[in-house]
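Please consider the structure below with attention to its charged and aromatic side chains. The paragraphs that follow treat the salt bridges and then the aromatic rings.

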Amino acid sequence: MATAKRAAMTVDVLRMLAHLNPRLWPLVEPRVPPHPVHEMVMGVRTAEAGEVGLNPQPLPPLQQDAALWHAVRDMSVAVAEATIAASLAGRKPAEVVREVGDDICPEPPRTPWPKKWPVPPQLQQRLLVDPQHVSPAVQATAALVFQSYAQRTTDKPLSTAFTDLADRLLERALKTANHSA
């Protein structure tokens, strides 16, 4: 059953992801047309006053954000697939994802990226400009990928490892986002 707390966490996660994909802003903070009562009380129509509803953040270049989102998704998929391969080779999935979790959940201002993967230039650029929003967005995106693997995997140790990593990433993302707010 959904709770108010879960709904609030969902909105927080979507807000983090909207910093990487601005097309999500209308879901997070939809524009609300002015109410006729407000127009009458204020005596000025919104359009006449020249007010424009804006998203809370300026929109960064879409191509750069799309490339970054794809890089995060591709890294997360590669980690998940490597974890599955390591599990097939006899390693414990929890051991495999622990190191990656440590790398993606660093204390700010460290880059939230696995040390064994090359850091995409888009991530380096965005972290310089907007680290308090980019790091949680990277972590939340990766968390969604790992949770997707957890839900689709029938192997219990793999599913548990992916779920634990997704939870850890989401907790870090929410903590980092709340500290920057």
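Predicted model: local features only at pLDDT ≥ 70, side-chain atom pairs only at ≥ 80, totals over all residues.

Lys 116 and Glu 99 meet through their side chains in a salt bridge, with an N to O distance of 3.5 Å. This pair links distant parts of the chain, since Lys 116 belongs to the loop between α6 (93-104) and α7 (121-129), while Glu 99 lies in helix α6, 17 residues apart. Lys 116 is exposed, its relative accessible area being 65%, whereas Glu 99 counts as partly exposed at 41% relative accessibility.

A salt bridge is also formed by the side chains of Lys 115 and Asp 103, at 3.9 Å from N to O. The contact still qualifies because the cut-off for a salt bridge is 4 Å. Lys 115 is located in the loop between α6 and α7 and Asp 103 in helix α6, so this pair ties together parts 12 residues apart in sequence.

The aromatic side chains may be considered next. A pair of aromatic rings is described by the distance of the centres and the angle of the planes. The structure contains 2 aromatic pairs. In one of these, the ring centres of Phe 146 and Phe 162 are 6.2 Å apart and the planes meet at 20°, so the pair is stacked. Phe 146 lies in helix α8 (residues 131-152) and Phe 162 in helix α9 (residues 156-180); the pair therefore ties together parts that are 16 residues apart in sequence. Phe 146 is buried, with a relative accessible area of 0%, and Phe 162 likewise counts as buried at 0% relative accessibility.

Phe 146 and Phe 162 belong with Tyr 149 to one aromatic cluster. Tyr 149 in turn has a charged neighbour: the charged end of Arg 152 sits over the Tyr 149 ring, 4.9 Å from the ring centre.

Terms used. Residues numbered from 1 in each chain as written. Heavy atoms only, no water. Helix = DSSP H or I, 4+ residues; strand = E, 2+ residues; numbered from the N terminus. Buried < 20%, exposed > 50% of the residue type's maximum accessible area, 1.4 Å probe, protein only. Phe/Tyr/Trp six-rings, centres within 6.5 Å; stacked < 30°, edge-to-face > 60°. Lys NZ or Arg CZ within 6 Å of the ring centre and 35° of its normal.
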